[in-house]
Every structure is written in C-alpha cells, then in structure tokens.
Amino acid sequence: AVAPALSVHCLATSCIAEFGSETQRETWLPEMAETGRPVGMFCLSEPHAGSNPAEMSTTATYDPETDEYALNGEKQWITNGKRGGVAVVFAKVDDEAHDPDDDAITQFLVPADTEGFEVGKKEEKLGLRASDTTGITFDDCRVPAANRLTEPGKGLSAAFRTLTEGRIGIAAQAVGVAQAALDEAKSYAEEREQFDRPISDIQTIRHKLAEMSTDVSAARLLVREACRQAEAGEDYRVAASKAKYRASEAAMSVTNEAIQIHGGYGYTTEFDVERLYRDAKITEIYEGTTEVQKTIIARGVFGE
Ligand SMILES: Cc1cc2nc3c(=O)[nH]c(=O)nc-3n(C[C@H](O)[C@H](O)[C@H](O)COP(=O)(O)OP(=O)(O)OC[C@H]3O[C@@H](n4cnc5c(N)ncnc54)[C@H](O)[C@@H]3O)c2cc1C
C-alpha cells in the first residue's frame, strides 16, 4: 500500500519537474522531494474515461477578467485522495482559442485546499487497503492561469510520458510482492511437516518454488532493463510495458502458488500470503491494464 502512495507522489513531482515553469518547480519541488510534503496526486482517470483518457469530460474554462481557470468535472480512483495536498489535474481547456471538443487537454497544479476541490469517500478495495483511493469532484474550482503546466493539447502526451516512467515503479512493486510471497512460501515449506518430513523435501513443492523463483528473477531483470534504457535516455516505452506486464503476471502467479504451498493456512488472514495475493491483482490494472501494455508491446513488435 505504501508503494502506490509513493509512486503517485512521484508522478505528480515528475509532472512539475518536467513540465512546470522555473517558479512552479522552485515553489513545490524542494519540499515534495525532501519531505514528501505536500503529498502529490495524479488526477487523470474519470468514471467514464479509464484506458482511454482522451474521453475525459473535466473542463477548464478560462476567465480573462481574473486570469483564472475554473475546473469542473469528476475524477475517479485517485490515489492519496484523502491525504494529498496538491494535485496534477488533467482537463480540457475551454477558452477563446480552444474548444473542449478539440481534445485541448492540459494539466493544472491544484492545491487540495482550493475552494471547489471536493474529496469523495475512500473506496473499499480488495487489497492495498492502507492506500486511500477516492473520487475528486471539481465544482467551479478556480486556479490562477499560472498553475497551468502544459500548452492546451499537450496534456495527454505529457500524461503518457509520465505514466511510462510510473509503470516501471508499478513493475517494481509487483516484483516486491512476488519476492515477499516467495520468501514466505520457502520459510513455510521448511517448517511444515507432512508424511514425517518437511514439505520442502517433496519434489512437487520444490518445483513450485523453482518456478516461482524463476518468475521473480525474470520480472526483476525486465524491470532493470527498463530502468537501464530510461537512464540511458533511450525510448523505453516498450521496455516499461514489458516489465509491467510480466512482473504483474509474476506477482499474480507467485502469490497464488505461495497460498497453495501454505495449504488451508494460506487462505486465512493469519498468514501474509493472503494479503500479498490480494495486493498483487491491482498491478495488472493501474497505470495501464495488461491489455493496454500488450497493445504498446505489439506496436513495438511492428515498429509502429
Ligand atoms: C486502486 C486504484 C488506484 C488508482 N490510482 C489512480 C490515480 O492515482 N490516478 C488516476 O488517474 N487513476 C488511477 N487509477 C485508475 C486506473 O489507472 C484505471 O482503473 C485503469 O487505467 C483502467 O481504467 P478503467 O478502470 O476505467 O477500466 P476500463 O478502461 O473500463 O477497462 C475495462 C477492461 O477493458 C479493457 N480494455 C479497455 N480498452 C481496451 C482496449 N483498447 N484494448 C483492449 N482492452 C481494453 C481493459 O484492459 C480492462 O480489462 C487507479 C485505479 C485503482 C483501482
């Protein structure tokens, strides 16, 4: 649950670092980087716009008299929704030069104490229960024009660039969950005895652990390769998608087998593998579902 909180904070700081003005960077980044305050939010998804954020309906209407934008709309699934202090909010600009129907999406920095910034209830989730996920409604939420981060029309490509970076973080989260499940399963197999011997002596169990260990190593190597490409300044979009796709699958299968190795005990809340199994699932969904990752990887296959 801590990983997505940190990951989304980093999405917000990345947006400010990459797309913000000198003043915006000086105002927000030192504290956000050093103390983690204010906690950042990344408001892209909406109730009817998930895998295709271009379908968003949140608008930012320019008011020339006050040099402000008025945000109106609803965002969904916002990590850090309850404890966040500043949000990067994606919206379609409505001004003299742009029409919301033109997909004139941009991003704004919106402090959470701005009037009209309304945080909804915390969602009850399968896993990551310590991570607060909420809806956020913008009701004539006014921000100075100086809080805009990108030109109208450039917001969506900016979001995708930031998400590509974030995907490596989610892949790393998945590797962590899978490694933890592997460690738990190994310890349990050494302790649990059936037929007068530890179950770690049974070849079926050993093979399960061999497969789990291989999955974790393969996922970790894909994450490292994506990091290497990113640090080398290469186009790492496909590598980030491969890492997220394979690492989240590994997290699902390794946590599943870890429960199997624990037998009935693994199905209870007394053992951590139950929580790890529930926490693993989300890595196949957020920051782009597995289906979206495969679409990106296939584009890479065809050099598109
Ligand atoms: C716990 C949690 C935290 C989140 N945190 C944030 C956050 O901080 N900020 C934020 O902006 N969002 C956040 N999200 C939203 C998350 O990124 C979306 O849930 C995700 O992008 C999928 O969108 P959706 O839920 O609308 O599913 P949909 O887009 O409706 O997809 C439903 C199904 O259809 C499939 N599908 C859709 N389009 C295609 C296609 N073209 N090809 C093949 N399959 C397709 C999907 O893969 C999926 O299986 C969070 C979500 C959760 C659950």
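Before starting, note that the model is predicted, with local features needing pLDDT of at least 70, side-chain atom pairs counting only at pLDDT 80 or more, and totals for chains, interfaces and linings using all residues. Residues are numbered from 1 along each chain as its sequence is written, and side-chain values use heavy atoms, with hydrogens and water left out.

**The annotated spans**

Next select 42–141, which an unreviewed UniProt entry annotates as "domain: Acyl-CoA oxidase/dehydrogenase middle". This span is 50% strand and 0% helix, and its end C-alpha atoms are 16 Å apart. Then select 153–301, where UniProt (unreviewed entry) places "domain: Acyl-CoA dehydrogenase/oxidase C-terminal". Here the chain is 77% helix and 3% strand, with end C-alpha atoms 28 Å apart. UniProt positions are in the numbering used here, feature names are shortened, and annotations may be inferred rather than shown by experiment. Helices (H or I, at least four residues) and strands (E, at least two) are DSSP runs, numbered from the N terminus.

**The interface**

In contact (heavy atoms within 4.5 Å) are 18 residues of domain 1 and 18 residues of domain 2. The two domains bury about 1,400 Å² between them, 65% of it on carbon and sulfur atoms; buried area is the accessible area (1.4 Å probe) lost on putting two parts together, summed over both. On the domain 1 side, select Leu-11, Leu-126 and Leu-128: they lose the most area to domain 2, together 31% of what that side buries.

Now select Glu-18 and Arg-161, a salt bridge whose closest N and O atoms are 2.1 Å apart. The term means a side-chain nitrogen of Lys or Arg within 4 Å of a carboxyl oxygen of Asp or Glu. One salt bridge is counted between domain 1 and domain 2. Helix H1 (residues 2–19) gives the most to the side of domain 1 that touches domain 2, with eight residues.

The salt bridge count comes to 19. For one of them, select Glu-68 and Arg-142, with closest N and O atoms 3.1 Å apart. Glu-68 lies in strand S3 (residues 68–79) and Arg-142 in strand S7 (residues 133–144), so the pair ties together parts 74 residues apart in sequence.
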